[in-house]
Amino acid sequence: MIPFLQATPDFDPEIAVQYGQSFKDALFGDIPFFEPVSFWNLIVRFLFNMLVCWIVVHCFYYKKSHRRDYYFTYILFSVSIFFLLFLLQNLNLGMGIALGLFAIFGMIRYRTESVPIREMTYLFVIIAISIVNGFSMGTSYAAMILTNVLFILVIFILEKLGFSNTDRQHQKLINYDKIDLVKTDRYEELVADLKERTGLDIVSVKVGSIDYLKDTAFLKVTYNSDDEPDSFEMLNRFRSK
């Protein structure tokens, strides 16, 4: 017989099995490397959560606002919160962590610009949907699907009825030079002149401080616009308060 094909006399299969088992326990402990039920449950719930959040963001929010930055933010918020809650629910942390995350993420303000009311509302909705889908292991798929469908239905009805206030009102502070038009009896001329010079759909004008030495006056102009307020407008709004 060829020498290198001979069985090694010192080889013990039981010791090899025991060593291999102990090596596996050292790597993974009591946690199984692959659990089919948990794995497919994660995949199904994740895809369902992504579908619902995509419908809310793409079909309702983005359809009117066309803000790619918030689109990006909402989707990543959804993914992050879903995975965080789904993977932490086995630690028996209870609903406290879900409510805590809801409060923490919900109070976020970007430092560059304040988040408008409509955008903040949709952020709350995305957080709520992700919490429901990621933390609902104790409920049936039917209950989870019904909850998400009701979310979508309520948003659809409110958007359809126009409660999202697409034609939102914004404000600007204007340093106005035609001081003779700030008189009460020439209000219509003032509005007409501002509309012509700014091109804005002006709703109302309020006169602030008047400088007779420089013949200028500060006006707070309220106007309708579908565009989001920029940083300068938010600064004007802050100064006008």
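Which hand does the crossing of helix 5 and helix 6 have, left or right? The views below get to that. This is a predicted model, where local features need pLDDT of at least 70, side-chain atom pairs count only at pLDDT 80 or more, and totals for chains, interfaces and linings use all residues. Residues are numbered from 1 along each chain as its sequence is written, and side-chain values use heavy atoms, with hydrogens and water left out.

**View A. Helix 5 against helix 6.** The crossing here is left-handed (the near helix is turned anticlockwise from the far one by less than a right angle; clockwise would be right-handed). Helices are DSSP runs of H or I, at least four residues, and strands are runs of E, at least two, numbered from the N terminus. The two axes sit 10 Å apart at an angle of about 165° (lines fitted to C-alpha atoms over the stretch in contact, with angles from 0 to 180 degrees between N-to-C directions). That makes helix 5 and helix 6 roughly antiparallel (over 145 degrees; under 35 is roughly parallel, 65 to 115 roughly perpendicular and the rest oblique).

View B. Asn148 belongs to helix 6 (residues 141–160). With 1% relative accessibility, Asn148 counts as buried (under 20% relative accessible area; exposed is over 50%, partly exposed in between, using a 1.4 Å probe and protein chains only). Setting aside neighbours within four places in sequence, Asn148 is in contact with Phe48, Val52, Ile129 and Asn133 (contact means heavy atoms within 4.5 Å).

**View C. Helix 3 beside helix 5.** Helix 3 (residues 68–88) packs on helix 5 (residues 117–134) at about 25°, axes 8 Å apart. So helix 3 runs roughly parallel to helix 5, and their crossing is right-handed.

**View D. The bend in helix 2.** Helix 2 bends by about 25° at His58 (the angle between axes fitted to the seven residues ending there and the seven starting there). After helix 2 comes His66, with a positive phi near 55°.

**View E. Lys172 and Tyr223.** Lys172 sits in strand 1 (residues 168–176) and is partly exposed, at 25% relative accessible area. Lys172 and Tyr223 are 51 residues apart in sequence, yet 8.3 Å apart in space, C-alpha to C-alpha.
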